[in-house]
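Colleague: Could you walk me through how to read the features of this model?
Modeller: Gladly; let us look at it together.

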Amino acid sequence: MSISGPWYLVLAAVLFGIGAAGLLARRNILVMYMCIELMLNAVNLTFVTFSRLLNDAGGDDAVFFVLVVAAAEVVVGLGIIVAIYRRRTGVTADDVSSLKG
Amino acid sequence: MVNAAYAIVALPLIGFAINLVWGRRLAEPLAGWVGTLAAAGSFVAALVVWVTMLGRAPAERVSDLTAFSWFPVAGLHANIGLLVDPLSMTMALFVTGVSTVIHLYSIGYMHKDPGFDRFFVYLNLFLFSMVVLVLGDNFLFSFLGWEGVGFCSYGLVGFWFQRDVAAVAAKKAFVTNRVGDVGFMLAIFLMFAHFGSVNFSAVLGTLVHGHATGLLAGTPGAINGTTATAITLLLFLGAVGKSAQIPLYIWLPDAMEGPTPISALIHAATMVTAGVYLMARVAPMLHYAHATSWVIACVGVGSAFLAATIACGQDDIKKALAYSTISQLGYMFLGIGAGDYADGLFHMLTHAFFKALLFLAAGSVIHAMANRQNMKQMGGLTRYMPVTAVTFGIAWLAISGIPPFAGFWSKDAILTAAWGMNKALWAIGVFTAGLTAYYMSRQYALVFRGQARWREGQQFVVVHDEHAEGVGPGLPAPAHSGEEPKDATWTMTVPLIVLAVGAFFGGLINLPLHGWDFLSEFLHPLFPAAASVTVPTGTKWALFAITLAVCLTGLGLGLTTWRTAEHPRLEPNFLRRAWYFDDAVAATVSGPLRMAAGALAVVVDNELVDGLVNGVANVLGSTGQVARRAQNGYLRSYALGIAFGVIVLLAYLTFRTGA
C-alpha cells in the first residue's frame with residue numbers, strides 16, 4: 001500500500017502551520033529557530049512531492065538551494081544567539097529590543 | 001609641423017599637472033624649474049609653428065586643427081580645436097615668450113615663499129588657459145580659456161590670501177570680470193542663434209586679402225549691420241571687463257595686491273590684452289559695425305586719458321604702473337576702433353615688453369626696499385641697482401614715446417590712425433601721450449634719481465602752496481635697517497635684460513616704411529583693409545613731430561619737477577582718489593545693493609526659503625513620529641506582519657489567476 005501524493009502535501013501544510021504558529025507564539029529564540037527550520041523543511045517536502053508527481057527534477061534542485069541557504073542562515077543566526085547569550089542571561093526575543101523606534 | 005601647435009597647449013598643462021601632484025615634493029626651486037621648462041617648451045613649439053607658417057604662401061597660412069568633438073548638442077557642435085593663423089600665432093608667440101622670462105624671474109622673486117609650488121601651479125595653469133584663449137578655433141573654447149585666465153587671476157591676486165586686502169582685491173577682480181563675461185556669453189548665444197555655429201570660420205566668414213566673404217554676401221551666414229553691431233558690442237563689454245577699460249577698470253589697480261611677477265605677466269602683458277585680441281579677432285565683423293568701432297575708439301581714448309591723469313597722482317609704485325596699463329590698453333582699443341588692427345596689436349606687443357619690464361624692475365626695487373612700495377620713500381637707487389635702473393630707464397623711454405624705443409613706433413602709428421578717424425580723438429591721444437611721459441618721468445625721478453630718502457634723516461623738501469588741497473607734509477623718513485639695496489640674483493636680472501632688449505628693438509617688427517612693416521604684412525590677410533589709414537605722408541611727418549614734442553615736454557617736466565622736491569599741488573586729492581570713481585561705485589551700487597541684500601536676507605531667506613526647508617523637515621519629522629510606533633522591537637510582531645503580508649499576497653495572486 002502506498003500513500004498517495006496529496007497526503008504528503010497535507011503533511012507539509014500541517015508542518016508549516018505548526019512552524020508558523022510556534023514562531024509567532026514562542027519567545028525563546030532557539031525554539032523560534034527550530035520553528036523556522038520546520039517551515040523550511042515543510043517547503044522542501046512540498047518541492048520533493050511535486051517533483052515526484054510531475055516527474056520534474058527542478059523541485060529536487062530547489063531543495064538543495066533551500067538546504068544551503070538554511071545552513072548559512074543557521075550559522076549566522078546561531079552566531080547572533082551566542083553573542084546575545086554572552087551579554088545577557090537569557091535569549092528571550094522580546095528582551096532584545098534596544099533598536100526599537 | 002603645424003601640429004606642434006598641440007604642444008603649445010599641452011606643455012603648460014603637463015607642467016601644471018606635475019606641479020599640482022608633485023609640486024610640494026619637488027619644492028623650491030625644482031617646482032619653479034618645471035614650470036619654467038614647460039613655458040619654454042611651449043615657446044619653442046610656438047616658434048616651430050611660426051617658422052613653418054612663414055614657409056608658406058600668405059594665403060595658405062591658416063590651418064584649423066580639430067582634435068576632437070567637445071560636445072555635440074542638438075545643432076551645436078563645439079570642438080576642441082586650434083586655429084593656427086597669423087593672428088593667433090602672433091599672440092601665442094608673445095604670450096609664451098613673455099611667460100617664459102617671467103617664470104624664470106618668479107623663481108628668484110618667490111624665493112622662500114611658503115606657497116612657492118602653488119605659485120607655479122597657478123602660473124602654468126594660467127599659461128595653458130591663455131594659449132587656449134588665443135589658439136581656440138571657436139568662441140566657446142576660447143571662452144573656456146577666457147574664464148580660465150580669469151580664475152588664475154583670481155587665485156594669483158589673492159595669492160597671499162592671509163592678508164585681507166589681497167582677498168578682497170581678488171574678489172573684486174573676479175566679480176567685476178563677471179560683469180563683462182555676461183556680455184561675452186550673450187554674444188555667443190546671439191552668434192549661435194544667427195549662424196548656428198560658434199566656430200570662428202563660420203561666424204567671421206572667410207577672409208581673403210582683407211575682404212570678408214560669406215558674412216553679408218554669403219547666404220547661410222548672412223547678417224545685417226544691426227546684428228553685427230549687437231554681437232560686437234556685447235563682445236566689447238567682455239573686452240572692457242577683461243582689459244580694464246571704463247567703466248570696469250576698477251579691479252586692475254586693486255589687483256596689484258598680487259605678487260609682482262603676476263602684475264607683470266597677467267595684469268600688464270598678457271591677460272588684460274585678451275580683450276584687444278578678441279576685438280581684433282572679430283575684425284571682419286567690426287567692419288560692418290561702425291557704431292561699435294566708434295564706441296571702442298571713444299572708450300579707449302577715454303580710458304587712456306582718465307587713467308593717465310590718475311597715474312600722475314599715485315605714490316604706490318605698482319598702482320601708478322597699473323593705471324598706466326589701463327591707459328596703454330586704451331591706446332590699443334583706440335587703434336582697433338580706428339580700424340588699424342595691426343597697429344593695435346603692434347602696441348600690444350611693444351607694451352608687453354616695456355610694461356612687463358617696468359613691473360619686473362619695480363618688483364626688483366620692492367625687493368631691495370624690503371617690500372616698501374611708496375615711491376616717496378625711495379630715490380637715488382641708480383647707484384645701488386645699476387641693472388634695474390638701466391632696464392627701467394629703457395622701458396621708461398619706450399613708454400614715453402621717445403624714438404627709437406619700441407613704444408614710439410606703435411603709439412605713433414595708432415595716433416596717426418586716430419587722426420584719420422577723428423581729429424578730437426587724436427588730440428586727446430596726443431595730450432595723453434604727454435601725460436604718459438610726465439607720470440613715467442615722475443616715477444623714474446622719484447625712484448632712481450634725487451636723494452636716497454630711504455635713509456634716516458633724508459626726506460623731501462615740500463613746496464607748500466596755500467591753495468593745495470590738504471596733503472600731509474613731507475613723509476617721515478622710514479627707518480631703513482639692514483644692508484644697502486642691490487640688484488637681485490641672475491634669475492631676476494636676466495629677464496630684465498631680455499625684456500629690455502625687446503623694449504629697445506621692439507619697434508623694428510613694424511616700422512612705418514613700406515617693406516619694413518613686417519607685422520602688418522604678416523597680419524594683412526586677416527584684416528579688412530583699414531579705411532582710415534589714408535593720411536598723406538606729409539601730414540604723417542607733421543603728426544610725428546607734434547607727438548614727439550608733446551612727449552618730450554612731458555618728459556622734461558616730469559624729470560625736473562620731481563627730482564628733488566615734492567609738490568602736493570600737482571597731485572590733488574581727486575587724482576589720488578582716482579576721480580572718486582571707486583567711492584561713487586561704492587555709494588551708488590554697493591550701498592543700495594547692500595540694503596537690498598539685507599532686506600532680501602530677512603524677507604526671502606528667513607521667511608520663504610527657511611520656511612520651505614523647515615516645513616519639509618517638519619512634515620517628514622511628524623510622519624516619522626507616527627511611523628516609529630510600528631518599529632516596536634518585538635520580533636513576533638514583525639513575524640506576524642510578514643505572515644499577514646504573505647496571506648494578502650497569496651490572496652491577491654489567487655484571485656487574480658482565478659478571475
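The dialogue below goes from the whole chain to single residues.

Colleague: Where do we begin?
Modeller: With a reminder that this is a predicted model. Then take the overall picture of chain B: 23 helices and six strands. Its C-alpha trace spans about 110 × 65 × 50 Å along the principal axes.

Colleague: What share of the residues of chain B counts as buried?
Modeller: Of its 659 residues, 51% do. Sequence separation is another thing to look at: among contacts between residues at least 6 apart in sequence, 80% join residues at least 24 apart.

Colleague: How do I read a strand pair?
Modeller: In a regular strand, side chains alternate between the two faces of the sheet. Here, look at strand E1 (residues 63-73) and strand E2 (residues 76-84) of chain B, which run antiparallel and are joined by nine bridges. Asp64(B), for instance, has Leu83(B) in E2(B) as its bridge partner.

Colleague: How many residues lie between E1(B) and E2(B)?
Modeller: Two, and the strands form a hairpin. Within that turn, Ala74(B) has a positive phi of about 45°.

Colleague: What do the buried residues of H18(B) pack against?
Modeller: Against helix H2 (86-109), helix H14 (341-368), helix H15 (386-400) and H16 of chain B. Among those buried residues are Met492(B), Leu496(B), Leu499(B) and Phe504(B).

Colleague: And how do I describe two packed helices?
Modeller: By the angle between their axes and the distance between the axes. Helix H7 (residues 225-242) and helix H12 (residues 290-311) of chain B pack at about 20°, with axes 9 Å apart. Angles under 35 degrees count as roughly parallel, so H7(B) and H12(B) are roughly parallel to each other. Their crossing is right-handed. H7(B) contributes Thr229(B), Thr232(B), Leu233(B), Phe236(B) and Val240(B) to the contact, and H12(B) contributes Ala291(B), Thr292(B), Val295(B), Ile296(B) and Val299(B).

Colleague: At what angle do H13(B) and H16(B) pack?
Modeller: Helix H13 (residues 317-337) and helix H16 (residues 406-421) of chain B pack at about 45°, with their axes 9 Å apart. That makes H13(B) oblique to H16(B). This crossing is left-handed. On H13(B) the contact involves Tyr331(B), Leu334(B) and Gly335(B), while H16(B) brings Lys411(B), Ile414(B), Ala417(B) and Ala418(B).

Colleague: Now single residues. Is Tyr438(B) buried or exposed?
Modeller: Count the neighbours: a residue with 20 or more other C-beta atoms within 10 Å is buried, and one with 12 or fewer is exposed. Tyr438(B) has 26, so it is buried. Tyr438(B) lies in helix H17 (residues 423-448) of chain B. Leaving aside residues up to four places away in sequence, Tyr438(B) touches Cys312(B), Gly554(B), Leu557(B) and Gly558(B).

Colleague: And why does Arg178(B) count as exposed?
Modeller: Because it has 12 other C-beta atoms within 10 Å. Arg178(B) sits in helix H5 (residues 164-195) of chain B. Its C-alpha atom is 9.2 Å from that of Glu147(B), 31 residues apart along the chain.

Colleague: Where are the cis bonds?
Modeller: One runs from Ile246(B) to Pro247(B), with omega near 0°; Pro247(B) is in the loop between H7 and helix H8 (251-254) of chain B. Another joins Pro403(B) and Pro404(B), and Pro404(B) is in the loop between H15 and H16 of chain B.

Note on methods: Residues numbered from 1 in each chain as written. Chains lettered and ligands numbered in written order. Predicted model: local features only at pLDDT ≥ 70, side-chain atom pairs only at ≥ 80, totals over all residues. Pairing = 2+ DSSP bridges. Helix = DSSP H or I, 4+ residues; strand = E, 2+ residues; numbered from the N terminus. Axes fitted to C-alpha atoms, helices over the stretch in contact; angles between N-to-C directions. Parallel < 35°, antiparallel > 145°, perpendicular 65-115°, else oblique. Left-handed = near helix turned anticlockwise from the far one by under 90°. Contact = placed C-beta atoms within 7 Å.
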